[in-house]
Amino acid sequence: MKSKKELLEDAKEIATETIATTKEHIFIAFEYGKKLASYYKVDETIVLVGLYLMDSKLKEARIQNKKQEHTQMAVEFAKEFLKNYDITKVEYDKIINCIEAHHGKVPFQYQEAEICANADCYRFIHPKGVMAYIPFLSKKLDNSKDIITKAKEKLDEKKKLLSLEKAKSDLTNYYFMFSEIFLAVLNNSEEGIPQTNYNSYYEKIGEEYNKIRLDSDNNMENVIRIIKKYAPKKDATILDIGCGTGKYGELMEKHGFKVIGIDQSETQIKQATQLIEAYHEDATNLSFTDNTFDICTMIIMIQQLSKENRIKALKEAYRVLKPNGILLIKTCSHSDLESRFTAKYFPRTLEIDQKRYPDIEELKSNLSDFKDIKLEHSSIPVKKKKEILIERFQKRGTSNLSFLTEEELNEGISKFEKDYQDKIIEKEVKNTFIIARKG
């Protein structure tokens with residue numbers, strides 16, 4: 001039987017011979033694995049052997065067009081390979097768990113396995129790893145946007161898998177940095193519609209969302225007024241699509257409705273579940289059965305969807321509505337957008353928003369499956385403390401501000417402070433509601 005030292009050497013040789021990306025890219029994960037093993041005081045050899053073997057069959061799986069099976073192929077290979085070495089049953093189990101759990105689909109039974117998974121994420125998020133990965137992609141893909149799209153997909157995928165606090169601390173800022181860089185490149189899309197990573201945006205705002213983003217009480221009550229006007233019954237069941245932190249859903253329930261919320265932001269869903277029944281779901285692929293809800297609401301969320309996903313989401317809303325059920329969309333017409341504070345003091349946000357928000361007529365055309373489409377325009381007076389509005393601007397408390405440079409943001413805030421001397425500021429908030437009935 002070979003020694004544990006020989007196991008480490010032989011596994012490293014296998015990793016070198018079966019590299020699926022580049023040597024520079026994969027060895028970055030190995031070095032970080034060592035650091036995490038030292039930090040968490042676990043067996044470095046187990047971590048490294050796990051890292052060396054986890055992708056040992058990836059290249060072969062790609063050739064055989066079996067990429068989805070590469071982890072299981074690596075596990076089967078490792079089980080035979082490890083028979084030649086003098087290791088304990090626990091060490092054997094740890095190495096196998098390192099391999100099988102590194103994509104997050106199998107639970108971590110040992111901390112070494114969790115370290116392996118986080119070290120693997122490191123090479124797709126840390127600048128050294130990203131700068132090694134992009135040249136590799138450029139050899140496989142001809143189009144620069146395809147390269148950036150693939151790099152961003154990996155960035156997002158691996159960010160979701162980060163589980164160790166040390167790794168999160170080391171990598172979260174790099175994730176946001178590259179997310180913004182990649183999106184800046186992708187903003188030159190054919191549709192000309194600016195893009196942002198809404199999940200990372202809401203993660204940044206985090207617990208402060210309700211303080212700097214939430215609509216005023218009378219604005220929220222106006223939504224309830226319109227829901228009541230069109231609701232088929234007083235105790236209607238509502239699916240709040242894009243429920244955010246659940247504040248609107250909570251208010252709906254106070255008025256007698258039964259509410260379930262869904263949102264794609266894990267950060268917001270964590271808050272929403274404290275107030276209402278809510279789930280982390282994609283609006284384009286709802287888990288609910290047909291004909292479940294009396295009402296579906298989409299409150300200032302339609303602009304966050306691409307045209308393709310908007311149509312999918314509307315079809316899903318139609319599917320889960322009961323016959324004669326109501327879809328209620330709160331959005332902004334392009335003239336509504338012109339009245340916003342952000343349009344005056346941050347002029348580029350108007351151009352951005354008029355590309356993000358679909359024109360009302362276009363949105364109505366997307367509702368061809370529905371009948372009895374009605375519009376309601378609202379203008380609600382609200383009062384805000386000047387300091388709260390400034391804080392909202394500073395923290396980019398509306399998603400359109402996330403597109404601006406620091407210079408643009410600071411210039412707009414300076415103009416706003418000069419124009420308004422009063423501590424309480426009154427303004428009109430304009431919105432357009434689209435109400436459509438399922439045929």
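# Briefing on a predicted single-chain model

In the protein chain, residues 24 or more positions apart account for 72% of the contacts with a separation of 6 or more. The model is predicted. The chain holds 22 helices and seven strands, and 52% of its 439 residues count as buried. Along its principal axes, the C-alpha trace spans about 80 × 50 × 40 Å.

- Met 1 lies in the segment before H1, and its relative accessible area of 73% makes it exposed.
- Although 86 residues separate Met 1 from Ile 87 along the chain, their C-alpha atoms are 9.2 Å apart.
- Apart from its neighbours within four places in sequence, Met 1 is in contact with Lys 83, Asn 84, Tyr 85 and Asp 86.

**Helix H1**

- Helix H1 comprises residues 4-17, 14 residues in total. From its first C-alpha to its last it reaches 20 Å, close to the 20 Å expected at 1.5 Å a residue.
- Its buried residues are Leu 7, Asp 10, Ala 11, Ile 14 and Ala 15. These residues lie on the same side of H1, because they cover an arc of only 145° around the axis.
- An α-helix has 3.6 residues a turn, so residues three or four places apart point the same way.
- Lys 5 and Glu 17, on the other side of H1, are exposed.
- The cover over the buried residues of H1 includes helix H2 (23-40), helix H3 (44-54), H5 and helix H6 (89-100).

**The sheet**

- Seven strands make up an open sheet with mixed pairing, in the order S3-S2-S1-S4-S5-S7-S6.
- Strand S3 (277-280) and strand S6 (370-385) are the edge strands, each pairing on one side only.
- From one strand to the next, the twist averages 20°.
- Strand S2 (residues 258-263) runs parallel to S3, and four bridges join the two. Within this pairing, Ile 262 has Tyr 279 of S3 as its bridge partner.

**Helix H21 against the sheet**

- Helix H21 (residues 386-394) packs on the sheet, where it touches S6 and strand S7 (424-438). The direction of H21 makes about 120° with that of S6.
- Lys 386, Leu 389, Ile 390, Glu 391, Arg 392 and Phe 393 are the buried residues of H21.

**Positive phi in loops**

- Asn 65 has a phi near 60°, a positive value in a residue other than glycine. Its place is in the loop between helix H4 (58-63) and helix H5 (70-81).
- With a relative accessibility of 72%, Asn 65 counts as exposed, because that value is over 50%.
- Ile 300 is likewise not a glycine, and it has a positive phi of about 45°. Ile 300 sits in the loop between strand S4 (293-299) and helix H16 (307-320).
- With a relative accessibility of 19%, Ile 300 counts as buried, because that value is under the cut-off of 20%.

**Cysteines**

- The count of disulfides comes to zero, the criterion being a pair of cysteine sulfur atoms within 2.5 Å.
- Cys 243 is in no disulfide: the nearest cysteine sulfur, that of Cys 296, is 13 Å away. Cys 243 counts as buried, at 6% relative accessibility.
- Cys 332 is also in no disulfide, and the nearest cysteine sulfur to it, that of Cys 243, is 19 Å away. Cys 332 is buried as well, with a relative accessible area of 2%.

Note on methods. Residues are numbered from 1 along each chain as its sequence is written. This is a predicted model: local features need pLDDT of at least 70, side-chain atom pairs count only at pLDDT 80 or more; totals for chains, interfaces and linings use all residues. Side-chain values use heavy atoms; hydrogens and water are left out. Buried means under 20% relative accessible area, exposed over 50%, partly exposed in between (1.4 Å probe, protein chains only). Two strands pair if DSSP finds at least two bridges between them. Axes are lines fitted to C-alpha atoms, for helices over the stretch in contact, and angles run from 0 to 180 degrees between N-to-C directions. Contact means heavy atoms within 4.5 Å. The expected span of a helix is 1.5 Å times one less than its number of residues. The arc is that of the directions from the helix axis to the C-beta atoms.
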